[in-house]
Amino acid sequence: KTTLLRRINNFMEGLGYEIVIFVVVSENGSIEGIQKDIMIRLGMKVENTTYLQREGIIRRCLNDRKFVLLLDDVWKEWDLEEVGVPIHGNNKNYKIIFTTRSRSVCDQMQAKRIKIECLNSEEAWELFQTTVGEAILNSTIEIKRIGEQVAQECGGLPLAL
């Protein structure tokens with residue numbers, strides 16, 4: 001999911017958006033952390049600002065601008081208006097895309113879901129070979145056998161592979 005989001009990040013920058021913001025939220029994310037990451041991406045000073053000041057700065061900066069906000073690894077519902085992202089105003093020239101493992105987070109944030117499947121066994125083995133290197137895997141029969149077992153145990157999850 002993260003790899004896909006990073007590719008979307010690179011793709012969106014070429015589509016005429018004024019601002020493309022990529023923020024890793026993670027399980028321990030906070031509104032303050034999201035605000036600070038957005039402000040850093042916007043080239044704004046973060047030091048000595050309060051939550052409300054950051055909210056206003058972000059809102060003024062993004063209002064009426066064509067922007068994309070990419071939120072990676074979202075674990076719970078976030079009120080983006082509270083962060084300062086102007087999603088309820090007149091500006092409709094924005095996209096918000098996020099990754100999550102939770103269907104309920106998508107429902108709570110009223111998002112359109114696109115399910116990303118795990119790799120099948122052939123794709124998983126190819127990724128594992130590419131990552132480890134064929135020279136190492138083919139050095140002995142025992143190493144190749146162990147490599148196949150490890151790839152199978154990862155269950156098609158690219159990050160694990």
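In the protein chain, 63% of the contacts with a separation of 6 or more link residues 24 or more positions apart, a contact being heavy atoms within 4.5 Å. The model is a predicted one, with local features needing pLDDT of at least 70, side-chain atom pairs counting only at pLDDT 80 or more, and totals for chains, interfaces and linings using all residues. Residues are numbered from 1 along each chain as its sequence is written, and side-chain values use heavy atoms, with hydrogens and water left out.

Now for the overall layout. The protein chain holds eight helices and three strands; helices (H or I, at least four residues) and strands (E, at least two) are DSSP runs, numbered from the N terminus. Reading from the N terminus, the order is α-β-α-α-β-α-β-α-α-α-α. With a radius of gyration of 20 Å, well over the 15 Å that the globule rule gives for 161 residues, the protein chain is more spread out than a compact globule. That radius is taken over C-alpha atoms, and the globule rule is 2.2 Å times the number of residues to the power 0.38. Along the principal axes, the C-alpha trace spans about 60 × 30 × 30 Å.

The chain splits into domain 1 (1-109) and domain 2 (121-154), with bounds that come from an automatic or database domain assignment. Between the C-alpha centres of domain 1 and domain 2 there are 38 Å.

Next comes the sheet. Three strands make up an open sheet in the order E1-E2-E3, paired in parallel. Strand E1 (19-24) and strand E3 (94-100) are the edge strands, each pairing on one side only. On average, and ignoring direction, neighbouring strands here are turned by 10 degrees against each other. Strands count as paired if DSSP finds at least two bridges between them. E1 and strand E2 (residues 67-74) are joined in the parallel sense by six bridges.

Helix H1 (residues 2-13) lies across E1, E2 and E3 and runs at about 170 degrees to E2. Helix H2 (residues 31-41) lies across E1 and E2, at about 145 degrees to E1. For these angles, axes are lines fitted to C-alpha atoms, for helices over the stretch in contact, and angles run from 0 to 180 degrees between N-to-C directions.

How much of all this is tucked away? Of the 161 residues, 36% count as buried, meaning under 20% relative accessible area, with exposed over 50% and partly exposed in between (1.4 Å probe, protein chains only).
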